[in-house]
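Reader: I want to check the labels on this model against their cut-offs. Can you take me through them?

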Amino acid sequence: MSSDTPLNSFAPTVENQRLYRNALSCFATGVTVITTRTDAGPIGMTANSFASVSLNPALVLWSLDNTSNRFDHFAPATHFAIHILRADQQALSNAFAKHGDAFDMAAHDLNAEGVPVFQDCLARFECATEAKHPAGDHTIMLGRVLRVAQAPGEPLLFAQRAYGSFTPES
């Protein structure tokens, strides 16, 4: 199916930042909550910048906004957990997007490294920080996957500033 509307072409400048963000939002992503431990207790944040990097060794990444009020908790973390949310977990995503301490909304345990891990999500990756790479206004957090958990269900997706879901064809 094609459209008669031509592509809007522009340079990704500061003046066009909203247009750039709109273009990026055309790529549907899964929704995750990243958790770690701090001296003050557990903390989490919603992120959709998760990606697989390598199968052998098992590596994943996510991007941490350098201006986030949670940056100082995640940047020095030696371990973290990435939780891929199910289609029915939008409220959990919203809660961790607003507050880093929304753990009352999710049953969780502490793993061997002391990181809070949700008991209920679509998939979970428990990671040791492998490397951190400065990248513009973000820091790429590379994690070596130590343990994985997975359950059946449909993923929560985010695109064009809205939530949705995906049901695979049988």
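Author: Start with burial. Buried means under 20% relative accessible area, exposed means over 50%, and partly exposed is in between (1.4 Å probe, protein chains only). This is a predicted model: local features need pLDDT of at least 70, side-chain atom pairs count only at pLDDT 80 or more, and totals for chains, interfaces and linings use all residues. Residues are numbered from 1 along each chain as its sequence is written, and side-chain values use heavy atoms, with hydrogens and water left out.

Reader: Why does Phe 103 count as buried?

Author: Its relative accessibility is 8%. The limit is under 20%, so Phe 103 is buried. Phe 118, at 0%, is buried too.

Reader: What makes Phe 103 and Phe 118 an edge-to-face pair?

Author: Rings of Phe, Tyr and Trp (its six-membered ring) pair if their centres lie within 6.5 Å; planes under 30 degrees apart are stacked, over 60 edge-to-face, the rest tilted. Here the centres are 6.4 Å apart and the planes make 70 degrees.

Reader: Why is the pair of Phe 158 and Tyr 163 edge-to-face?

Author: The ring centres are 5.3 Å apart and the planes are at 70 degrees, so the pair is edge-to-face. Phe 158, at 27% relative accessibility, is partly exposed. Tyr 163, at 26%, is partly exposed as well. The structure holds seven aromatic pairs.

Reader: Is Cys 127 buried or exposed? And Cys 26, buried or exposed?

Author: Cys 127 is buried, because its relative accessible area is 2%. Cys 26 is exposed, because its value is 54%.

Reader: What makes a nonpolar core?

Author: It is a set of buried Ala, Val, Leu, Ile, Met, Phe, Trp, Tyr and Cys residues joined through side-chain atoms within 4.5 Å. The largest has 19 residues; Cys 127 is one of those with the most contacts inside it.
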